[in-house]
There are 2 protein chains.
Amino acid sequence: MQCSVARTLSVIGDRWTLLVLRDAFLRTRRFEDFQRQLGVTRHLLADRLRKLVDAGILEKVRYQEKPARYEYRLTEKGRDLHPVIVSLLRWGDRWMVDDAGPPLTLLHRQCGHAMQPTLVCDHCREPVGPRDVAPAGALPRA
Amino acid sequence: MQCSVARTLSVIGDRWTLLVLRDAFLRTRRFEDFQRQLGVTRHLLADRLRKLVDAGILEKVRYQEKPARYEYRLTEKGRDLHPVIVSLLRWGDRWMVDDAGPPLTLLHRQCGHAMQPTLVCDHCREPVGPRDVAPAGALPRA
DNA sequence: GTGAGTTAGTTCCGAATTGGAACTAGTTAG
DNA sequence: CTAACTAGTTCCAATTCGGAACTAACTCAC
């Protein structure tokens, strides 16, 4: 498995894992809150949180002694997944809307506008689509 | 399920589905090629391709008569998933590298540079991180 | 100091999904 | 006539998932 996409998916390529991360970006931190918000079984949630901690994407931080209680916080590695979640959000807003319309708009604090997240080339700052890029490197293996 | 992320994941939130899409962006189009490249069982591949076609993300295009053979091509809806795949790629390049280094660099045709895909606000063109956005809207339900 | 509540899990079981390998079908090439 | 190519389908055992109940370590109210 030498492809970066495949390697990434081996860690987060799972419905519940991605939903846990979505909630983490919305500042959910505790087991019970994840469970209530997601509706995932406690069994799977415990498993997914453990794997995310093992992968260094979340970290357990003790927030009270007696009884010892931990909350789950995004690490830098985890925060760096923001573009993935935002891209999923953007696509859903465009293609999966129902009568209620997009449920979650993102406000950009710096400029104050409701924003459409857009992927650009860091070099020339122009938006990038599938036709604008050429892979330079070996074809990935699964 | 009123959250766009959850709605998106209900269609593509699956390891193999995402890998199929990665290959589709690299111009893979035929059943046998997907199968060989991914190593997925034929059974699952057929299932995932069918679901992607049902979702309007891929379309079957006949490329030969007798016997009728079809190839799978990204629709506009599918091509719009590019940022998702590219974000996964970028993260893997950063956090999951091994000794061999990132296996797939993307060249930006317009400016000719190897590019780091970057997520920006479409309004002010500034890069956007988790701390730069505020959700404006209801909290999503799973 | 007993009973209910809070938080973070674990255990158990039946149901659904997956992986692996073999098999089918239509057609062309030798 | 036989093999190869392409795109699937079928079958079975093994793994994973969903749902509900249970455990553990405390706190607080009465």
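## Overall make-up

Chain A has six helices and five strands. Helices here are DSSP runs of H or I with at least four residues, strands are runs of E with at least two, and both are numbered from the N terminus. Along the sequence the order in chain A reads α-α-α-α-β-β-α-α-β-β-β. This is a predicted model, in which local features need pLDDT of at least 70 and side-chain atom pairs count only at pLDDT 80 or more, while totals for chains, interfaces and linings use all residues. Residues are numbered from 1 along each chain as its sequence is written, and chains are lettered from A and ligands numbered from 1 in the order in which they are written.

The C-alpha atoms of chain A fill a box of roughly 55 × 40 × 30 Å along the principal axes. Chain A has 142 residues, and 37% of them count as buried. A residue is buried if 20 or more other C-beta atoms lie within 10 Å of its own, exposed if 12 or fewer, and partly exposed in between, with C-beta atoms placed from the backbone. Among contacts in chain A with a separation of 6 or more, 39% join residues 24 or more positions apart. Two residues are in contact if their C-beta atoms, placed from the backbone, lie within 7 Å.

## Two copies, one axis

Chain A can be laid on chain B by a turn of 180° and a shift of 0.0 Å along the axis, with an RMSD of 0.0 Å. That is the relation of a two-fold axis. The C-alpha of Leu119(A) is the nearest to the axis in chain A, at 2.3 Å. The copies are superposed by least squares on the C-alpha atoms of residues with pLDDT of at least 70 in both.

## The interface

In all, 75 residues of chain A are in contact with 75 residues of chain B. On the side of chain A that touches chain B, the elements giving two or more residues are α1 (4-12), α2 (15-25), α3 (31-38), α5 (76-79), α6, β3 (104-108), β4 (117-121) and β5 (133-137) of chain A. α6(A) gives the most to that side, with 13 residues. The residues of this side of chain A divide into 43 nonpolar, 18 polar and 14 charged. Ala, Val, Leu, Ile, Met, Phe, Trp, Tyr, Cys and Pro count as nonpolar, Asp, Glu, Lys and Arg as charged, and the others, Gly among them, as polar.

How do the two α6 helices cross? The axes of α6 (residues 82-95) of chain A and α6 (residues 82-95) of chain B come within 9 Å and cross at roughly 175°. That makes α6(A) roughly antiparallel to α6(B), a label for angles over 145 degrees. The axes are lines fitted to C-alpha atoms, for helices over the stretch in contact, and angles run from 0 to 180 degrees between N-to-C directions. Pro83(A), Val84(A), Ser87(A), Leu88(A) and Trp91(A) meet Pro83(B), Val84(B), Ser87(B), Leu88(B) and Trp91(B).

## Core and enclosed helix

The largest nonpolar core has 65 residues. Such a core is a set of buried Ala, Val, Leu, Ile, Met, Phe, Trp, Tyr and Cys residues joined through C-beta atoms within 7 Å. Those with the most contacts inside it are Ile85(A), Leu88(A), Val20(B), Ile85(B) and Leu88(B). Leaving out residues up to four places away in sequence, Ile85(A) touches Leu21(A), Arg22(A), Phe25(A) and Val5(B).

Val5(B) is one of the buried residues of α1(B). Eight of the nine residues of α1 (residues 4-12) of chain B are buried, so this helix is largely enclosed by the rest of the structure. Its cover includes α2, α6 and β3 of chain A, together with α2 (15-25) of chain B.

Most residues other than glycine have a negative phi, and most peptide bonds are trans. The bond from Lys66(A) to Pro67(A) is cis, with omega near -10°. Pro67(A) lies in the loop between β1 (58-64) and β2 (69-74) of chain A. In chain B, the bond from Lys66(B) to Pro67(B) is cis, with omega near -5°.

Arg27(A) is not a glycine, yet has a positive phi of about 80°. Arg27(A) sits in the loop between α2 and α3 of chain A and is exposed, with 11 other C-beta atoms within 10 Å. Arg125(A) also has a positive phi, near 65°. Arg125(A) is in the loop between β4 and β5 of chain A and counts as partly exposed, with 13 C-beta neighbours inside 10 Å.

Terms used. Angles under 35 degrees count as roughly parallel, over 145 as roughly antiparallel, 65 to 115 as roughly perpendicular and the rest as oblique.
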